[in-house]
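Subject: Structure handover

Hello,

Here is the structure I promised to pass on. Please open it alongside this message; my notes follow below.

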Amino acid sequence: MSGIQSHLTIAFPIKSPTDAKALAEELPPLMPDFAKAQDTVGTVHYSRFLVLGDKTLLLLADIDGEEEKLSEDLAKCAGQVFDTIFKHVEDPPPTPVASNSEAFIKWLKHHNIHPIIVYSACGNSSVQEIKACARAAGFTSSCEQHPLLVSLPLKSRLKAFTLEELVLRAAKGKMDKGADSVGTLHFCHFVPLADDHLGFFTVFDGAFDKYIQDFTEQMGPVFDVLFEYVADPPATPVAKNAEAFLKYATTSDLSPIGFYRAYPGLAVQDIKTLLADAKVGTAEVKA
């Protein structure tokens with residue numbers, strides 16, 4: 001079903017520091033074409049590439065439907081982007097990708113890292129539903145959408161396991177409630193990464209400083225527990241050390257390569273209002 005949202009984290013193992021540098025130079029010029037391809041696919045809410053040191057390139061995407069269907073669509077519409085990437089990746093699938101879609105789909109599935117917990121502000125609303133509601137209402141907005149990309153170093157493998165099984169999953173309810181209260185958070189994911197790191201990836205509306213301020217107020221308790229397992233964390237409790245948390249987030253935030261938005265300018269609250277109005281309108285028509 002196209003309306004079921006999920007998160008994709010594909011880890012591309014980079015062959016060498018030279019290849020990591022080459023990717024950082026070769027990928028940005030390809031991002032306009034990659035954005036057009038995702039518009040054509042029509043099931044990607046947000047995506048961004050992220051180079052982690054010299055070892056890994058991540059593709060992060062918030063999507064509708066199944067991973068395999070998206071992989072098939074990307075092979076058709078964006079094969080050249082991945083052909084460029086695979087020149088710098090260890091044990092890549094055969095290229096060109098467009099002519100080897102089955103191998104590409106299998107490779108992506110094998111290198112997909114499943115998140116520990118996820119948050120979505122708009123539940124199972126698809127890209128096309130959101131865009132259709134905005135078109136029908138003649139609604140436009142100029143709200144800025146931004147990614148936050150943080151790789152948190154954990155203290156040990158034992159604590160990484162404890163973190164996943166006992167802390168983050170137990171904190172899911174608090175995180176959902178806090179994220180709803182923030183009101184500007186589109187998506188949020190905690191993803192286990194290599195070398196005992198934890199990825200914290202979000203997409204949010206508005207100014208960074210305001211987002212972090214709201215974040216500390218509403219989700220401070222979740223991060224108070226999380227930071228017990230993180231190396232060199234900021235001062236806690238987070239809610240009483242907002243400036244320290246802001247400095248930590250600012251310093252830790254990593255720069256993406258490309259940031260695709262399916263519905264640029266639409267804030268979380270805009271989307272919720274549009275979806276609610278559309279639901280009321282449908283109910284009135286049926287009545």
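Helices here are DSSP runs of H or I with at least four residues, strands are runs of E with at least two, and both are numbered from the N terminus. Please keep in mind that this is a predicted model.

**Thr184**

Start with Thr184. This residue sits in the loop between α8 (172-182) and β6 (185-193). Leaving aside residues up to four places away in sequence, Thr184 touches Val203, Phe204, Asp205, Tyr211 and Val268. Lys109 is another matter: 75 residues from Thr184 along the chain, with 31 Å between the two C-alpha atoms.

**The sheet**

Next, the sheet that involves β6. Four strands form an open sheet, ordered β4-β6-β7-β5, with antiparallel pairing. At the edges are β4 (117-120) and β5 (145-153), each of which pairs on one side only. From one strand to the next, the twist averages 10°. Strands β6 and β7 run antiparallel and are joined by eight bridges. Across from Cys188 stands Thr202 in β7. Helix α9 (residues 208-226) packs on this sheet and touches β5, β6 and β7. The direction of α9 makes about 145° with that of β7.

**Salt bridges**

How many salt bridges are there? The count comes to six.

Glu26 pairs with Lys87, and their closest N and O atoms are 3.9 Å apart.

Arg48 and Asp62 form another salt bridge, with 3.0 Å between the closest N and O atoms. Arg48 is in strand β2 (residues 44-52) and Asp62 in strand β3 (residues 56-64), 14 residues apart. Are these two buried or exposed? Arg48 has 1% relative accessibility, so it counts as buried. Asp62 has 0%, so it counts as buried too.

Asp195 and Lys55 also meet through their side chains, at 3.8 Å from N to O. Asp195 lies in the loop between β6 and β7 (197-205), Lys55 in the loop between β2 and β3. The two are 140 residues apart, and the pair links distant parts of the chain. Both Asp195 and Lys55 are exposed.

Best wishes

Terms used: Residues are numbered from 1 along each chain as its sequence is written. This is a predicted model: local features need pLDDT of at least 70, side-chain atom pairs count only at pLDDT 80 or more; totals for chains, interfaces and linings use all residues. Side-chain values use heavy atoms; hydrogens and water are left out. Contact means heavy atoms within 4.5 Å. A salt bridge is a side-chain nitrogen of Lys or Arg within 4 Å of a carboxyl oxygen of Asp or Glu. Buried means under 20% relative accessible area, exposed over 50%, partly exposed in between (1.4 Å probe, protein chains only). Two strands pair if DSSP finds at least two bridges between them. Axes are lines fitted to C-alpha atoms, for helices over the stretch in contact, and angles run from 0 to 180 degrees between N-to-C directions.
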